[in-house]
Amino acid sequence: EFNRLHIYFDSNSQLLNARSRLRCVIAHGEWYRYDFKADDRSGGNETTEISVKRPLPFPIEEAIGEIIAQLHLNDLRDELREVAKSLSVVSAISGQHQKAVLNSPGLTVELSWDEMTPLLSGQSFSEVEVELVDGNKTDFDAIVDRMEKSLDLKREHRSKLDRAMEKG
């Protein structure tokens, strides 16, 4: 079990309105990571995700520069450049994180359990996150469908930030 602090940034809800997120995840004493995530605008459930990780704290401007260099979509690059000019913290969330990697022939899946508490509201929520690391997407989707039915789980496509903002 790992403790994490998630700090989300935005500028006048520009990223939120574009269905994107920029956060810094701090695993104190281990690493510091900036993540940029953008939801699939075509309506699918694919998410563009780019991360920059270091063992020590580093400036957000440096992270954004590296993220922009890795982005393949020009509109996302432009959005992030614009937002970077006037960033502010929009949410801070404390969390516990547990992870396992499951391997079977032709398929690698990451299974995570997160318990999150937005610092403003103190109202916790949790999630089980299942990610395809390597392998066939059809096989992965079949496993997720079986898990959802047999464990009585409800699929949720909203981000941690969206759910934290809903909690107040």
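Ser112 lies in strand 6, where strands (E, at least two residues) and helices (H or I, at least four residues) are DSSP runs numbered from the N terminus. The structure is a predicted model, in which local features need pLDDT of at least 70 and side-chain atom pairs count only at pLDDT 80 or more, while totals for chains, interfaces and linings use all residues. Residues are numbered from 1 along each chain as its sequence is written, and side-chain values use heavy atoms, with hydrogens and water left out.

With a relative accessible area of 4%, Ser112 is buried; the cut-offs are under 20% for buried, over 50% for exposed and in between for partly exposed, with a 1.4 Å probe and protein chains only. Contact is taken as heavy atoms within 4.5 Å. Leaving aside neighbours within four places in sequence, Ser112 is in contact with His97, Gln98 and Lys99, and also with Glu127, Val128 and Glu129.

Asp114 is found in strand 6 too, and is buried at a relative accessible area of 5%. Beyond four places in sequence, the contacts of Asp114 are Gln96, His97, Phe125, Ser126, Glu127, Glu129 and Lys160. One of these partners, His97, is joined to Asp114 by a side-chain polar contact of 2.5 Å. A polar contact here is a pair of N or O atoms within 3.5 Å; within protein, one must be able to donate a hydrogen and the other to accept it, and residues adjacent in sequence count only if both atoms are side-chain atoms.

Not counting residues up to four places away in sequence, Thr108 touches Val101, Leu102, Asn103, Glu131, Leu132, Val133 and Asp134. Asn136 is 28 residues from Thr108 in sequence, and their C-alpha atoms are 9.2 Å apart.

The pairing of strand 6 comes next. Strand 5 (residues 88-104) and strand 6 run antiparallel and are joined by 12 bridges, with two strands taken to pair if DSSP finds at least two bridges between them. Ile93 stands opposite Pro118 of strand 6. The hairpin of strand 5 and strand 6 has 2 residues between the strands, and Gly106 takes a positive phi near 80° there.

Attention now turns to the nonpolar cores. Such a core is a set of buried Ala, Val, Leu, Ile, Met, Phe, Trp, Tyr and Cys residues joined through side-chain atoms within 4.5 Å. The largest has 22 residues, of which Phe9, Leu22, Tyr34, Phe36, Ile67, Leu71 and Leu80 touch the most other members. At least two residues of this core come from each of strand 1 (2-10), strand 2 (20-27), strand 3 (31-39), strand 4 (47-54), helix 2 and helix 3. Helix 2 gives the most, with 5 residues. A second, separate core has 6 residues, including Met116, Phe125, Leu161 and Ala164.

In helix 2 (residues 60-70), the buried residues are Ile60, Ala63, Ile64, Ile67 and Ile68. Seen down the helix axis, they fall within an arc of 135°, so they line one face of helix 2; the arc is that of the directions from the helix axis to the C-beta atoms. The face turned away from this buried side carries the exposed residues Glu61 and Ala69. In helix 3 (residues 74-84), Leu76, Leu80 and Val83 are buried. Their arc spans 65° down the axis of helix 3, so these residues also line one face of the helix.

Rings were paired if the centres of Phe, Tyr and Trp (its six-membered ring) lie within 6.5 Å, with planes under 30 degrees apart counted as stacked, over 60 as edge-to-face and the rest as tilted. By this rule there is 1 aromatic pair. The ring centres of Tyr34 and Phe58 are 5.0 Å apart and the planes stand at 80°, so the pair is edge-to-face. Tyr34 lies in strand 3 and Phe58 in the loop between strand 4 and helix 2, so the pair ties together parts that are 24 residues apart in sequence. Tyr34 is buried at 8% relative accessibility, and Phe58 is buried at 10%.
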